[in-house]
Amino acid sequence: MPVPTALDGLPLPPCAELLGFELIDARPADGWLRARFEGRPTFCNPAGFIQGGFLAAMLDDVMGPAMFVFSEGRMFTPTIDLHVSFLAPARPGPVYAEGQVVQAGKSIAFLEGRLMDLSGALLARGHASARLVPAGRALAA
């Protein structure tokens, strides 16, 4: 069971539901969290692997929440840019993800993410910068 975070009690957004997001663990003070996604067969390309756009969305959906829990729910993180390196084919099934705040300033955060399969093999890495927007203003819109 994960530690309490600013995500507790918030409904999952539709994109996170689609990806099968499940929070597994978090260290809010460190800006780190671990989640599980469900790599559905409907996410696969013709070769039978999860299409890269879904993997990029998983990375985006673990890095932003890492900043949200780090800020204790005060900051929402619209992504400015996202860079993904695909390191190994991802098969349908559970995909584990870690998001980490690298640095947070007054208006911009730098984030990192990793995706792994059940065996722990690294599937993809991501780096992103995100604008820091007061959550009350962003989530009310």
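The largest pocket of this predicted model holds about 670 Å³ of space, where a pocket is defined on a 1 Å grid over the protein atoms alone as an open set of points, fitting a 1.4 Å probe, with protein on both sides within 12 Å along at least five of seven lines. The volume is the space filled by probe spheres set on the grid points, which are joined across faces, edges and corners. The lining, made up of residues with an atom within 4 Å of a point, comprises 27 residues, of which L7, P13, D61, P65 and F76 lie nearest the centre of the pocket. Two or more lining residues come from each of α1 (14–19), β1, α2 and β7, and the most come from α2, with six. By class, 19 of the lining residues are nonpolar, four are polar and four are charged.

Residues are numbered from 1 along each chain as its sequence is written. For this predicted model, local features need pLDDT of at least 70 and side-chain atom pairs count only at pLDDT 80 or more, whereas totals for chains, interfaces and linings use all residues, and side-chain values use heavy atoms, with hydrogens and water left out.

Helices (H or I, at least four residues) and strands (E, at least two) are taken as DSSP runs numbered from the N terminus, and two strands are treated as paired if DSSP finds at least two bridges between them. On this basis, six strands form an open antiparallel sheet in the order β1-β2-β5-β6-β7-β4, in which the edge strands β1 (22–27) and β4 (79–86) each pair on one side only. The twist averages 20° from one strand to the next. Helix α2 (residues 52–70) packs on the sheet, with contacts (heavy atoms within 4.5 Å) to β2 (32–39), β4, β5 (93–104), β6 and β7, and its direction makes about 45° with that of β5; the axes are lines fitted to C-alpha atoms, for helices over the stretch in contact, and angles run from 0 to 180 degrees between N-to-C directions.

Within the sheet, β1 and β2 pair over five bridges, E22 having R36 as its bridge partner in β2. These two strands form a hairpin with four residues between them, and G31 in the turn has a positive phi of about 65°. Eight antiparallel bridges link β2 with β5, where G93 is the partner of G39, while nine join β6 (residues 108–116) to β7 (residues 122–131), including that between E112 and H127.

A positive phi, near 55°, is also found at the non-glycine residue E72, which is placed in the loop between α2 and β3 (75–76).

How values were computed:
Nonpolar A, V, L, I, M, F, W, Y, C, P; charged D, E, K, R; others polar.
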